[in-house]
Amino acid sequence: TGLSATEKEEAIAVFQKYLEASDTPSEVKDGCFEGLISSWVGIPYPKKPSKAGYELTLKLLEGTKTEKFPPWKGMSKLNFAKTEFKDYDSSGKEWFKSAKDFYDKARLVKALNGLAVDEKAGYMSRDQALYSLKSLGEQKLLETIATTIKGQSGRDAKTLSDRADKLSKEKSDY
């Protein structure tokens, strides 16, 4: 996780190596995924958001999901991938100014939506995707997700559907 603090592009290749290897222990994958996300967004915002880190994050979020992948640890940093900021949030504005050439909020929202409704994904990752969507101001989408998950039969379907419904009624962080 701490490797992302270096803000060196070489870190992305390290994260990728361990995230894509099938024999990487879960704890290492968790740390690499959190570090990967931190390479382009999070608090504190990186001074030089990594386009390669963003692209790999989205590739992994859009890819095949399992009970343990993507890891949920570190996903809360996605809550800060906003495009609008309060007047006092100068660091958020600076981050967006640095990241706007590559950051596509709609793509992130679509990936989080896919994760939230994927029955093969782990409960905690799906739950964190719901919270990130709320933080990104996607309350209408959360209503749709609640309905979709309600129709699922998995053991977590009711809890996740109820959570999506509750979050859809809460004010966004914008």
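Visitor: What volume does the largest cavity have?
Guide: This is a predicted model. In it, the largest cavity has a volume of about 60 Å³. A search of the whole structure finds one cavity of 30 Å³ or more.

Visitor: Which residues line the largest cavity?
Guide: The lining includes Leu 3, Ser 4, Thr 6, Glu 7 and Lys 8. By class, the lining divides into four nonpolar, four polar and four charged residues.

Visitor: Where are the cis peptide bonds?
Guide: Start with the general idea. Most peptide bonds are trans. Now this model. The bond from Ile 43 to Pro 44 is cis, with omega near -5 degrees. Pro 44 sits in the loop between α2 and α3. Phe 69 and Pro 70 are also joined by a cis bond, and omega there is about 5 degrees. Pro 70 lies in the loop between α3 and α4.

Visitor: At what angle do the axes of α5 and α6 cross?
Guide: They cross at roughly 140 degrees and come within 8 Å. Angles over 145 degrees would count as roughly antiparallel. The two helices are therefore oblique to each other.

Visitor: Is the crossing of α5 and α6 left-handed or right-handed?
Guide: The crossing is left-handed.

Visitor: Which residues of α5 and α6 meet?
Guide: From α5, the list includes Val 109, Leu 112 and Asn 113. From α6, it includes Arg 126, Ala 129 and Leu 133. By class, this contact has eight nonpolar, three polar and one charged residues.

Methods:
Residues numbered from 1 in each chain as written. Predicted model: local features only at pLDDT ≥ 70, side-chain atom pairs only at ≥ 80, totals over all residues. Heavy atoms only, no water. Axes fitted to C-alpha atoms, helices over the stretch in contact; angles between N-to-C directions. Helix = DSSP H or I, 4+ residues; strand = E, 2+ residues; numbered from the N terminus. Parallel < 35°, antiparallel > 145°, perpendicular 65-115°, else oblique. Left-handed = near helix turned anticlockwise from the far one by under 90°. Contact = heavy atoms within 4.5 Å. Nonpolar A, V, L, I, M, F, W, Y, C, P; charged D, E, K, R; others polar. 1 Å grid on protein atoms, 1.4 Å probe; cavity = no way out; pocket = protein on both sides within 12 Å on 5 of 7 lines; lining within 4 Å. Points joined across faces, edges and corners; volume = space filled by probe spheres on them.
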